[in-house]
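Please look through the sequence and the model below before reading on. The paragraphs that follow lead from one part of the structure to the next.

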Amino acid sequence: MKLGSLTGALAAIFGVLTTQAAAAADPVVIGDIDDLSGVYADAQGQGGIEAVNMAIADFGGSVLGRKIVLLTADHQNKPDIGATKFREWADQNGLNMLLGGSNTGVSIAMAKVAAAKKVPFIVIGAGGASLTGADCTPYSVHYAYDTTALANGTASTIVKNGGKSWFFITADYAFGTQLQDAAARVVTANGGKVLGSVRVPLGATDFSSFLLQAQSSGAQVLGLANAGTDFSNSLKGANEFGITKTMKPAALLAFISDIHSLTLQTAQGLYLTTGWYWDLNEETRAFGKRFFAKMHREPTMDQAGAYSATLQYLNAVKAAGSTDSDKVMTELKQAKLNDMFVKNGYIRADGLMVHNMYVMQVKTPAESKYAWDYYKVIKVMPGAEADGTQPDPACTLVKK
Amino acid sequence: MIVFGVPLPAILGQLTLGLVNGSFYALLSLGLAVIFGLLGIVNFAHGAFYMLGAFAAYIGMQAFGVNYWFALILAPLTVAILGIIIERLFLRHLYRLDPLYGLLLTFGIALIAEGIMRDRFGASGKSYPVPHLLRGVFDLGFMVLPIYRAWVVAASLTVCGMTWFLLERTRLGAILRAATENARLVQAFGINVPLIVMGTYGAGVALAALAGVLAAPVVQVSPLMGSSLVIVVFAVVVIGGMGSIFGAVVSGVSLGLIEGFTKVIYPEASNIVVFVIMAVVLIWRPAGLFGKE
């Protein structure tokens, strides 16, 4: 008993000592919570972690004389897991900034934690525009792309090319419905019509029933308001059932990893909108080459975005001379962002990072000249065109 | 003609697709039912073996130029060998224990298999082409049915029929069934029971892999393709009656049809309708529709 209490006391002292030691070193802690094992794991996932590590290394591994460390976790596409992990890191690990991966549902839950814990939260992989609208917080930044920009890119291009009537196959959660709403608004604003839609549970194994419903609607355009394997499987099905002969498929969100796994044979001719492409210029190609050496695939826009966001956050910390959340957020929101991902980007009051978006068309196998040569640029959309000039009035941060 | 606010041709189309998916469920649940019925193992790795079957076909084509038709034989064979190795190394130690141990072990194996394939091939998976002979569509009037889907129905139902015949109408089947009833007595007749058990597990795994090869041309060959399906297939087996071959096939096909119908009436519920039916069936008949009480 005596011995037991002695060890207990020693352990307690040791605990205090180690905490103090940790406080002295006090690293800058960056977290990354993403889908590392599920349907979206290729969009950002391990490649995203690698990109963040590259950014930390490029920055020199430390800022303000403090070491930079990265924590990672798999949210398994479950909002409760994402939010709990975020809260735990904020309370126990001295988290200074969180990068959010794919899945809008999870990101909305994590945004609430960001507001409560006052920790900067940079959303990369999630698309839902409500993150800078109804779900905005003073600490959120929406970095790589959002559903509004996707709709303004892909949907308006297709409507203007004559695709007037639409049928949507939509992932049945926050991301899919926001994407469909945004695209439907663009379609009707440009004189098109939405003939119908069907909401499909995430990760459905077979899309043929839904495709058949789309076909019988008689619409000209098959709007795919889904992502990842759901997108691939619906497009494959559309090809198999001969639907692509009568309807034009529109990829409202497709990553280069999806196109790679579908192959150009299946994906050729698709229009899509992206925030970044590895083969845009010398800088992007150089990043692509470094990334490829590590991951054996070209980076997606999310992975490039995760690199850029980490770098820009660290720049802001350096400029602010502090990791204090409010100081860093002020610094971030007044900075001009320039790196291989973004040119003259800036962060709006509602948290949206405004930057160029690219409307792409997937090349045919004959047009593709080398490995990963998948897109041709149809149009470069300046940020103001992609997302409008006005912040979303649904965001409480915006002065009305 | 309008049924439930949906035009008849649309209903017919959806029912046809339901039949396609149903025959798929039947083939997958068949392997599960065989393994549970004869070994008492709740094989949670079934979805992983299905996924590995599809990947075996893909790798065979990429690395060795094995075409679809050979893959139909070779992929199940390769995966069955893997299954047999797992049975010899791990599973056989669990037969005398609570079924929970087998469930946990096979679940762990499934996670490992998925993890390895994800690391190697990525989560978005790979594309496998439809074989030349089966490209094109049948125009049924109310819908176009890809020839490949018709082939899946024919192949699945044939394999189900053959398996049923083998188990219920042949001497080998009689030995298998006897071995599950009383292994020691069968052993006393000079029959090598461990060999039979090993072969049965291999055969069940081969059925899953065969379903994987059949699925490869129509869905993205991805590490997660099995995990979403295995839960549904378990529900199918539970509804049919754990271990009942006939029950697995009948409930597989009928649940495919019901699910197809749900996709027209209320698509949002299409991924839970099977589980609602499972709950109702279990309340009414705890051993499943065709299970022995």
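Just after α7(A), Gly218(A) adopts a positive phi of about 75° in this predicted model. Most residues other than glycine have a negative phi, and most peptide bonds are trans.

The buried residues of α7(A) are Ser208(A), Ser209(A), Phe210(A), Leu211(A), Leu212(A), Gln213(A) and Ala214(A).

How many residues does each chain bring to the contact between chain A and chain B? Chain A contributes 31 residues and chain B contributes 34 residues. The size of an interface is often given as the accessible area lost when the parts come together. Here the area buried between chain A and chain B comes to about 2,600 Å², with carbon and sulfur atoms giving 51% of it. Within chain A, the residues that lose the most area to chain B are Lys236(A), Glu240(A) and Phe241(A), which together make up 23% of what that side buries.

Across this interface there are 2 salt bridges, and 14 residue pairs are in polar contact, counting pairs with both residues at pLDDT 80 or more. The side chain of Glu240(A) joins that of Arg149(B) in a salt bridge, at 2.6 Å from N to O. On the side of chain A that touches chain B, at least two residues each come from β8 (193–200), α7 (208–216), α8 (228–240) and α10 (256–262) of chain A. Sorted by class, that side of chain A has 9 nonpolar, 14 polar and 8 charged residues. In chain B, Cys160(B) has a relative accessibility of 3% and therefore counts as buried.

In chain A, helix α6 (residues 174–189) holds Gln180(A), a residue that is buried, with a relative accessible area of 10%. The side chain of Gln180(A) makes a polar contact of 2.7 Å with the side chain of Thr170(A). Leaving aside residues up to four places away in sequence, Gln180(A) touches Phe168(A), Thr170(A), Ser197(A) and Ala225(A).

A disulfide is a covalent bond between the sulfur atoms of two cysteines. Over all chains, a search of the whole structure finds 1 disulfide, and Cys136(A) and Cys395(A) form a disulfide with their sulfur atoms 2.0 Å apart. This pair links distant parts of the chain, 259 residues apart, with Cys136(A) in the loop between β5 (121–123) and β6 (140–142) and Cys395(A) in the segment after α15 (383–387) of chain A. Why is the disulfide of Cys136(A) and Cys395(A) right-handed? The torsion about its S-S bond is about 85°, so the disulfide is right-handed. Both Cys136(A) and Cys395(A) are buried.

The subject of backbone torsion now returns. His296(A), in the loop between α12 (282–295) and α13 (301–320) of chain A, has a phi near 60°, a positive value in a residue other than glycine. Trp372(A), found in the loop between β14 (357–362) and β15 (375–381) of chain A, likewise has a positive phi, near 65°. Which of the two words, buried or exposed, applies to His296(A), and which applies to Trp372(A)? His296(A) counts as exposed because its relative accessibility is 60%, where exposed means over 50%. Trp372(A) is buried, with a relative accessible area of 6%.

Notes:
Residues are numbered from 1 along each chain as its sequence is written. Chains are lettered from A and ligands numbered from 1 in the order in which they are written. This is a predicted model: local features need pLDDT of at least 70, side-chain atom pairs count only at pLDDT 80 or more; totals for chains, interfaces and linings use all residues. Side-chain values use heavy atoms; hydrogens and water are left out. Contact means heavy atoms within 4.5 Å. Buried area is the accessible area (1.4 Å probe) that two parts lose on being put together, summed over both. A salt bridge is a side-chain nitrogen of Lys or Arg within 4 Å of a carboxyl oxygen of Asp or Glu. A polar contact is a pair of N or O atoms within 3.5 Å; within protein, one must be able to donate a hydrogen and the other to accept it, and residues adjacent in sequence count only if both atoms are side-chain atoms. Helices (H or I, at least four residues) and strands (E, at least two) are DSSP runs, numbered from the N terminus. Ala, Val, Leu, Ile, Met, Phe, Trp, Tyr, Cys and Pro count as nonpolar, Asp, Glu, Lys and Arg as charged, and the others, Gly among them, as polar. Buried means under 20% relative accessible area, exposed over 50%, partly exposed in between (1.4 Å probe, protein chains only). A disulfide is a pair of cysteine sulfur atoms within 2.5 Å.
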